[in-house]
Amino acid sequence: MESLALKPVVIHVPHEAQWGRDARDLANPSDGVGQLQNAPHFPVVMVGAGACGLTAALMLHDLGLECVLLERDATPQGSSALSSGFVPAAGTQCQARQGIVDSQAQFVQDILHKSHGQSAAHLVHAYVQAVPQAIDALESQHGIVWRVLDHFLYPGHSTHRMHAVPETSGEGLMARLVHAAQVADLTLLTSAHVTQLFIDPDRRVVGLGYARPDGSQEWVRCDAALLACNGFGGAPDLVAKYLPAMKDAVYAGHVGNDGSAMRWAQALGVANLDMGAYQGHGSWQNELGLLISWALMGQGGIQINQHGERFHDESQGYSEASVGVLAQPGCVAWCVFDESVHELGMGFPEFKEAVSLGGVKRFESVGELAQWVGCPKENLDRTLAAKSPAPGGLPAMSRPLVPALYAIKVTGALFHTQGGLDINAQCKVLARGEPLPNLWAAGGAARGVSGQEVWGYLSGNGLLSALAGGFIAAQSVAKALGRG
Ligand SMILES: Cc1cc2nc3c(=O)[nH]c(=O)nc-3n(C[C@H](O)[C@H](O)[C@H](O)COP(=O)(O)OP(=O)(O)OC[C@H]3O[C@@H](n4cnc5c(N)ncnc54)[C@H](O)[C@@H]3O)c2cc1C
């Protein structure tokens with residue numbers, strides 16, 4: 001297994017011409033067929049070592065199955081490491097420890113309510129049931145400890161169910177998953193950019209080819225394959241096609257998520273579903289590259305535009321807020337809040353960083369804030385004094401804001417895409433309704449549970465799909481290979 005040594009190298013980013021070639025390989029896999037016959041064999045191959053791939057690999061390990069994780073980057077990070085790392089779940093041991101009463105039926109209800117019933121119901125039920133099992137297993141089998149964030153409630157969740165590792169960050173979550181993978185001695189092959197799937201006449205994946213940074217190609221054979229390589233946020237052509245509202249928006253996710261899975265799906269005759277759904281965010285500090293938590297809005301913060309006016313209902317989700325912010329002059333807004341909200345913000349690592357880097361400004365008076373924003377003071381006075389109904393028919397501010405005031409300038413951003421491969425409740429890939437023999441997709445590579453629009457995203461739907469999908473796929477693969 002000499003060729004599978006772990007080598008740190010530069011990331012290889014594909015371009016369109018290569019994709020054309022890959023599609024032909026898939027239809028008529030001549031390149032590499034000879035080499036594939038002599039390639040190393042693993043029962044299971046996974047594409048992508050983000051939260052989904054790592055969870056699936058750890059669960060497969062617990063089920064006694066060997067797999068190899070192929071990861072294009074030198075260090076596994078993905079969007080998971082860029083995220084806040086909050087995973088929603090109902091019925092975990094952690095919730096019980098903290099005395100939080102929740103129910104899976106309520107969680108299902110919350111997801112469906114947010115998407116106005118558009119979410120793929122079979123996945124909502126499967127994920128809600130699986131995610132506490134994944135969280136508990138990661139804790140009991142792999143030492144990943146959790147705590148439920150119980151000092152604020154994200155919009156749309158009926159109770160406290162956001163689980164986080166002690167670092168309260170996606171970086172911390174990924175560091176712990178990678179550490180667990182090392183302890184379990186999993187085969188994690190980095191700097192391996194998968195560019196080919198080899199399919200036999202029965203539409204069985206028999207192997208994969210991956211490019212090395214020096215341009216060389218290597219191959220691996222398998223009995224089962226899992227696509228855990230997330231969505232298409234890093235593919236400008238696909239974003240323009242499926243998410244025109246985000247065409248010119250900042251993409252705050254992992255650039256390596258270039259739609260590999262969706263392009264393979266097309267070549268395989270597999271439908272990509274819910275392609276209009278995504279996680280946007282209306283509070284991205286672009287100059288610093290930091291997420292300013294929407295929890296600030298939940299505790300009384302507001303957003304104003306260049307004119308010093310509110311322009312949307314901040315109690316809605318942060319995802320749809322991205323579109324509202326991008327519609328403002330200059331595509332920017334200012335989050336405005338007071339002392340108590342500032343204190344809450346200091347509990348979030350990225351907010352704290354924004355404060356230390358000077359992004360969050362403090363103002364003793366409304367006039368000073370108006371001057372900084374560059375808006376007429378009387379507009380801001382009117383905005384801050386408004387009682388129900390607020391100008392423009394907006395719901396009133398949840399409470400008055402009293403100086404000292406704080407503000408930070410933000411924009412709307414695309415965080416990750418929620419559309420992807422059609423899968424059944426076992427995360428098996430479906431082609432025209434029929435499962436392919438040995439191909440699974442999970443996490444951001446598969447269709448999500450947010451329906452078809454930006455407003456369907458309930459906070460946490462991303463890592464819910466990643467952890468629950470990884471858990472389910474592992475169980476299903478193990479069963480298919482006689483280990484379940
Ligand atoms: C700023 C930000 C904050 C967020 N906060 C939250 C949050 O708090 N809660 C939540 O639920 N969601 C959040 N999300 C969304 C969340 O990050 C994603 O939904 C989740 O990380 C998806 O996990 P994944 O394992 O499917 O993908 P990823 O973590 O992106 O992993 C996919 C991996 O596949 C690799 N890859 C891609 N193509 C190939 C290829 N061809 N060959 C080999 N490897 C490949 C990539 O390099 C990557 O490492 C946030 C996203 C962002 C950007």
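**Close-up views of a predicted model**

**View 1. Ser365 sits in the loop that runs between β16 (361–363) and α15 (366–373).** Helices (H or I, at least four residues) and strands (E, at least two) are DSSP runs, numbered from the N terminus. Ser365 has 12 C-beta neighbours inside 10 Å and therefore counts as exposed, a label given when 12 or fewer other C-beta atoms, placed from the backbone, lie within 10 Å of a residue's own, whereas 20 or more make it buried and values in between partly exposed. Although Ser365 and Leu405 are 40 residues apart in sequence, their C-alpha atoms are 7.2 Å apart in space. The model is predicted, with local features needing pLDDT of at least 70 and side-chain atom pairs counting only at pLDDT 80 or more, while totals for chains, interfaces and linings use all residues. Residues are numbered from 1 along each chain as its sequence is written.

**View 2. Helix α6 (residues 104–114) and helix α7 (residues 121–142) cross at roughly 135 degrees, and their axes come within 10 Å.** Axes are lines fitted to C-alpha atoms, for helices over the stretch in contact, and angles run from 0 to 180 degrees between N-to-C directions. α6 and α7 are therefore oblique to each other, the term for angles that are not under 35 degrees (roughly parallel), over 145 (roughly antiparallel) or 65 to 115 (roughly perpendicular). The contact, which requires C-beta atoms placed from the backbone to lie within 7 Å, is made by Gln104, Phe107, Val108, Ile111 and Leu112 of α6 together with Val124, His125, Val128 and Gln129 of α7.

**View 3. α3 and α7 pack with their axes 11 Å apart, at an angle of about 60 degrees.** α3 and α7 are therefore also oblique to each other. On the α3 side the contact is made by Thr55, Leu58, Met59 and Asp62, and on the α7 side by Ala134, Ala137, Leu138, Gln141 and His142.

**View 4. In helix α10 (residues 260–268), the buried residues include Ser260, Ala261, Met262, Arg263, Trp264 and Ala265.** Just after α10, Gly269 takes a positive phi of about 75 degrees.

**View 5. Of the 43 residues around the ligand, Gly48, Gly50, Gly78, Gly443 and Gly462 come nearest.**

Methods:
Contact = placed C-beta atoms within 7 Å. Near = placed C-beta within 6 Å.
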